[in-house]
Amino acid sequence: MTTMIHVENVAKEFTLHNQGGVRLPVFGNVNFTVSAGEALVLAGASGAGKSSLLRILYGNYRPTSGSIAITHGGRPIDIVSAVPRTVLDIRRRTLGFVSQFLRVIPRVSALDIVRDPLLARGASPEEASERARTMLARLNLPQRLWDLAPATFSGGEQQRVNIARSFVDPSPIMLIDEPTASLDANNRNVVVKLIAEAREQGSAIVGIFHDEAVREAVATRYLDITDFRKAA
Amino acid sequence: MTLHVPPPETVLDPQPLLSVAKVSRFYGERIGCADVSFDLWPGEVLGIVGESGSGKSTLLRCLAGIDKPDQGEVLFRGGAEPLDIYSVAEQERRRLMRTAWGIVHQNPRDGLRMDVSAGGNVGERLMDNGARHYGRIRETALDWLQRVEIAGNRIDDRPRQFSGGMQQRLQIARVLVSEPKLVFMDEPTGGLDVSVQARLLDLLRVLVRDLGLAAIIVTHDLAVARLLTDRLMVMKDGRVVEQGLTDQVLDDPHHAYTQLLTSAVLTV
């Protein structure tokens, strides 16, 4: 199977310059690979650095050392040392990040937020709108909300808009951080199904899920990062 | 659901649009900005952040051809040949600034002609670039007023009859109508109410993306930087102390000063 992520000797340490230069080691000597069609679930106690690791894979946090090869357009590129525009291109075409929170942009409607990734990848406006509507309906977002900006939506509604945006056109690699935190059982099951569909169609998934049932339903493999913490 | 729609091949342009090498500007003993180097690629939006007096506006003036740096060079690749903007004749530089570049000033009064109608303000830029057909100029001006959400029936009103937010939107129309390749903005949302800012920011975000503009935006507002920019340079005492992808710099700041800036932001 195609290797999509190859992590080699990654270490992360935060230095808080304005708090007496305190150094906070998070983990060290992190090594693993993820292939297409796999769902790797990160395990470890709260504070073990699961979210930090996910952000490092996305090129959001910068590791103190190590490299992360992301298979982008058929060839590996180290996202750690890549220049900004290459990182942005990797994110646009290969690497999706699903967080718990929607970054609301003033005046942009839920439908526009969801169809945006399709437009960015060159879909026609009609096709993009159609697929966005299908996705919002699957996630049970009331139709009367579709044309409104989500600033006034509830937390759960915003979260579903965010999930719809992420899964309307799943990326070859999906990084998922607690997507079901404030969803009811029904919508949680929809999300589990969306993740499974993306994986079956070839996406490589790396995720963090606190809900044990969700974790069990999604994972094809676990990675306990507690061991990497000791190496920090 | 179809997975992996083949994405359009992204053409990574082989050449930067703007190459800045070791630019410095001194005011007597005092440093305005020192030793700034970077490349800007077509379609990229670069933010320059820092507090008042950090040198970000001085740097912008050097980059935009307004204020000659004491050292360093600014190379622009808009045409066939790369152009060192401070080694060409004044006339050539002015032509470049009118056609290939645009400058959005913080105060709309600095970018607008206050005694000329809104339509005239937009149309003037077209005439600068050689347009002569009155009907077509007015039609284009009208189109641009609508794109920046100014009602068409205000086309003959003068900017002084507009609110601050409208004046700023008019200035943006005046700058973008000539389809510049590179736009410089100095605190484009400064001095506006928060609600007016939100509208302007959304407008800028959409225009920059739709037109594929390269832009350099000076701001002290990190939320503005996060919304509009791809890359960030953090300045302190005239020097760049940290740079990188905008979300990297804001979410995982490494320099002491950047950590101070990002931790000083109040979240609402």
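Helices, of at least four residues, and strands, of at least two, are DSSP runs numbered from the N terminus. The model shown in these views is predicted.

**View 1. Chain A as a whole has 8 helices and 9 strands.** The radius of gyration of chain A is 18 Å, close to the 17 Å that the globule rule gives for 232 residues, so chain A is as compact as a globular protein of that length. Along the principal axes, the C-alpha atoms of chain A fill a box of roughly 50 × 35 × 35 Å. Of the 232 residues, 41% count as buried. Among contacts in chain A between residues at least 6 apart in sequence, 72% join residues at least 24 apart.

**View 2. Four strands of chain A form an open sheet in the order β2-β1-β4-β5.** The pairing in this sheet is antiparallel. Strands of a sheet pair through backbone hydrogen bonds. β2 (22–35) and β5 (75–78) of chain A stand at the edges; each has a single partner strand, so one side of each is left without a neighbour in the sheet. On average, and with direction ignored, neighbouring strands are turned by 25° against each other.

**View 3. Strand β4 (residues 65–72) of chain A is joined to β5(A) by 4 bridges.** The two strands run antiparallel. One residue pair can be picked out here: A69(A) has D78(A), in β5(A), as its bridge partner.

**View 4. Helix α1 (residues 50–57) of chain A lies across β1 (3–16), β2 and β4 of chain A.** The helix runs at about 120° to β1(A).

**View 5. N9(A) has a positive phi of about 50° although it is not a glycine.** N9(A) lies in strand β1 of chain A. It counts as partly exposed because it has 13 C-beta neighbours inside 10 Å, and a residue is exposed at 12 or fewer and buried at 20 or more.

**View 6. D35(B) is not a glycine, yet has a positive phi of about 60°.** The residue lies in strand β2 (residues 30–40) of chain B. With 14 C-beta neighbours inside 10 Å, D35(B) counts as partly exposed.

**View 7. Chains A and B touch through 27 residues of chain A and 26 residues of chain B.** On chain A, α2 (84–93) and α6 (185–200) each supply at least two residues of the side that touches chain B. α2(A) gives the most to this side, with 6 residues. The residues of this side of chain A divide into 12 nonpolar, 7 polar and 8 charged.

Terms used. Residues are numbered from 1 along each chain as its sequence is written. Chains are lettered from A and ligands numbered from 1 in the order in which they are written. This is a predicted model: local features need pLDDT of at least 70, side-chain atom pairs count only at pLDDT 80 or more; totals for chains, interfaces and linings use all residues. Two residues are in contact if their C-beta atoms, placed from the backbone, lie within 7 Å. Ala, Val, Leu, Ile, Met, Phe, Trp, Tyr, Cys and Pro count as nonpolar, Asp, Glu, Lys and Arg as charged, and the others, Gly among them, as polar. Two strands pair if DSSP finds at least two bridges between them. Axes are lines fitted to C-alpha atoms, for helices over the stretch in contact, and angles run from 0 to 180 degrees between N-to-C directions. The radius of gyration is taken over C-alpha atoms; the globule rule is 2.2 Å times the number of residues to the power 0.38.
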